[in-house]
Amino acid sequence: MYRRSGTGYTGIPAWIYAIAAAGALFVLLPLMAMVARVNWSQFIPLVTSESSRTALGLSLRTSAASTAACIVLGVPLALILARSPFPGQRLLRAFVLLPLVLPPVVGGIALLYTFGRQGLLGKSLELAGIQIAFSTSAVVLAQTYVALPFLVVSLEGALRTAGNKYEAVAATLGARPGTVLRRVTIPLVLPGLVSGAVLSFARSLGEFGATLTFAGSLQGVTRTLPLEIYLQRETDADAAVALSLLLVAVAVAVVGLSYRRPRLGVAPEGAVR
Amino acid sequence: MRIASKHVTAVLVAGVLAAGLAGCGAGTSGAGSTSSAGASGTPRLSGAITVFAAASLKSTFAKLASDFEATNPGTKITLNFAGSSDLVTQITQGAPADVFASADTRNMAKLADAKLIDGAPANFATNVLEIAVPPSNPASISSFADLAKPGVKVVVCAPQVPCGAATETVEKAAGTTLAPVSEESSVTDVLGKVTSGEADAGLVYVTDVKTAGDKVKGIPFAESDQAVNTYPIATVGTSKNKELAQAFIAAVTGSEGKKVLSDAGFGTP
């Protein structure tokens, strides 16, 4: 009943492999079906058309900006959530992680009522001469909103797994909190930070719902690759499939190249030392 | 009053239906008939059909379907609303539709090219563009030319979708080139940008302005008649209950359907 390898006990029943194979197939089959639909003779012209190149460039630029914003906002959040217990911490964590489960369109509506012209902050921003509606900054805001939890989750897990022994030692040796953070904590959890940033980048790249609701869609300004695919689908299925494949390729390249360490994922609560 | 009006509808529907059946008896006799002639000679309809209709028909078709079910007990109409091109994709991929109502002739032609419609489509409604502005009209828009004023945030449909194609036609007719801040994939998204106050103006259909109620103000413009959108309806070729499908189409194209559609702002073709 139980599978044993040459070196020892794996603890995985044989039937688990069958279900795992079905699970893998469930993820891979739609991708293969899409590849089968690609019109290869037209593929290069379709993905190198001016609108495609503009959309891809905009997607890469906004995703990079969003990832930077996620790092700036997410690292302090993860540190506070992992290292300093305070009342309401669980609540804060729940709210920070909310965009993970929220439909992006809901995020878009929420952002609209915050940063839109009639929104909570929008009027003050407009008086200050900052116009967010229909601008590339709106795209970055939408992407940061949906991608931030990925960075926080990854980094908080890494911080908890790493523990704070080294930091305690550094502190007893006279290092100030700032120095401990810079010289001990961050280098220790760097792989976790990198994988969190990569996930945020990938999530930003795929952002669609919040962008469409909040930022609009204009070539070169707010029409990222997913929005371009959505639009092309209306008239040219071949173009939509070709661009989808391009997006998949970029996402696979980004995630595959930099996110190779699943052990740096979220540590369960019980693993905290 | 309500009951009386339903009786009138029943008689109308039955009349239109009888005429329709007489007109294309040869076409329907081959299909598996689910109705049986009653004592009075009026065909009794039964069974269920699924109607795929353009998103802009949502409120009108919901009303028409419930009226139809009320006048024809034992029938069930399931409605599926989406963008016309989405619906065409779904039907060609095998979705079980009996009736297709498109927001433009182009998408109906796509389905006809795929040999998936039965007979010729019937045009049952028209729609034209209108300028929608927030109730306060912050950019003081009063004509189509005003949309091109510098600083006015205009949102339109992308040229790839029917409302965007109509927008391009109107721009040419008016000799005004717009510099929109966003080109949306659906007319609902355009309307959303106006109702939320993000945009100063948007180009949507007359019916959308009507549906939005007091959330937006509609500004008609003369050039809109250069781009009249025609809505065709047809029985899907793979339908298992073509008789009921045709009866529903007769109700949509009949006088009851015309009234519901014109109340919602649609024009007659």
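Q: Among contacts in chain B between residues at least 6 apart in sequence, what share join residues at least 24 apart?

A: In this predicted model, 77% of the contacts in chain B between residues at least 6 apart in sequence join residues that are at least 24 apart. For the chain as a whole, the secondary structure of chain B comes to 10 helices and 12 strands, and buried residues make up 48% of its 269 residues.

Q: How are two packed helices described?

A: Two packed helices are described by the angle between their axes and by the distance between those axes. Here, helix α3 (residues 58–71) of chain B packs against helix α10 (residues 255–263) of chain B at an angle of about 150°, the axes being 9 Å apart. Angles over 145 degrees count as roughly antiparallel, and α3(B) and α10(B) are therefore roughly antiparallel to each other. The crossing in which α3(B) passes α10(B) is right-handed.

Q: Which residues of α3(B) and α10(B) make the contact?

A: From α3(B) come Thr60(B), Lys63(B), Leu64(B) and Asp67(B), while α10(B) supplies Glu256(B), Gly257(B), Val260(B) and Leu261(B). Sorted by class, this contact of α3(B) with α10(B) has 3 nonpolar, 2 polar and 3 charged residues.

Q: At what angle do helix α4 and helix α5 of chain B cross?

A: The axes of α4 (residues 84–92) and α5 (residues 105–113) of chain B cross at roughly 10° and come within 9 Å. Angles under 35 degrees count as roughly parallel, and α4(B) and α5(B) are therefore roughly parallel to each other. In this pair, Ser84(B), Ser85(B), Val88(B) and Ile91(B) of α4(B) meet Asn107(B), Lys110(B) and Leu111(B) of α5(B), and by class the contact has 3 nonpolar, 3 polar and 1 charged residues.

Q: How many residues does the largest nonpolar core have, and which have the most contacts inside it?

A: A nonpolar core is a set of buried residues of the nonpolar kinds that are joined through C-beta atoms within 7 Å. The largest such core has 93 residues, and those with the most contacts inside it are Ala142(A) and Ala201(B). Helix α7 (residues 136–162) of chain A gives the most to this core, with 17 residues. Leaving aside neighbours within four places in sequence, Ala142(A) is in contact with Gly108(A), Leu111(A), Glu207(A), Ala210(A), Thr211(A), Phe214(A) and Ala215(A).

Q: How many residues does each chain bring to the contact between chain A and chain B?

A: The size of an interface is often given as the accessible area lost when the parts come together. Here the description is by residues: the contact takes 17 residues from chain B and 15 residues from chain A. On the side of chain B that touches chain A, the elements giving two or more residues are β9 (182–184) and α7 (187–195) of chain B, and β9(B) gives the most, with 3 residues. The residues of that side divide into 5 nonpolar, 6 polar and 6 charged.

Q: Is Asp189(B) buried or exposed?

A: A residue counts as buried if 20 or more other C-beta atoms lie within 10 Å of its own. Asp189(B) is buried, because 21 other C-beta atoms lie within 10 Å. Asp189(B) is found in helix α7 of chain B and, not counting residues up to four places away in sequence, touches Leu212(A) and Glu184(B). Asp189(B) and Val204(B), 15 residues apart in sequence, are 9.7 Å apart in space, C-alpha to C-alpha.

How values were computed
Residues are numbered from 1 along each chain as its sequence is written. Chains are lettered from A and ligands numbered from 1 in the order in which they are written. This is a predicted model: local features need pLDDT of at least 70, side-chain atom pairs count only at pLDDT 80 or more; totals for chains, interfaces and linings use all residues. Two residues are in contact if their C-beta atoms, placed from the backbone, lie within 7 Å. Helices (H or I, at least four residues) and strands (E, at least two) are DSSP runs, numbered from the N terminus. Ala, Val, Leu, Ile, Met, Phe, Trp, Tyr, Cys and Pro count as nonpolar, Asp, Glu, Lys and Arg as charged, and the others, Gly among them, as polar. A residue is buried if 20 or more other C-beta atoms lie within 10 Å of its own, exposed if 12 or fewer, and partly exposed in between; C-beta atoms are placed from the backbone. Axes are lines fitted to C-alpha atoms, for helices over the stretch in contact, and angles run from 0 to 180 degrees between N-to-C directions. Angles under 35 degrees count as roughly parallel, over 145 as roughly antiparallel, 65 to 115 as roughly perpendicular and the rest as oblique. A crossing is left-handed if the near helix is turned anticlockwise from the far one by less than a right angle, and right-handed if clockwise.
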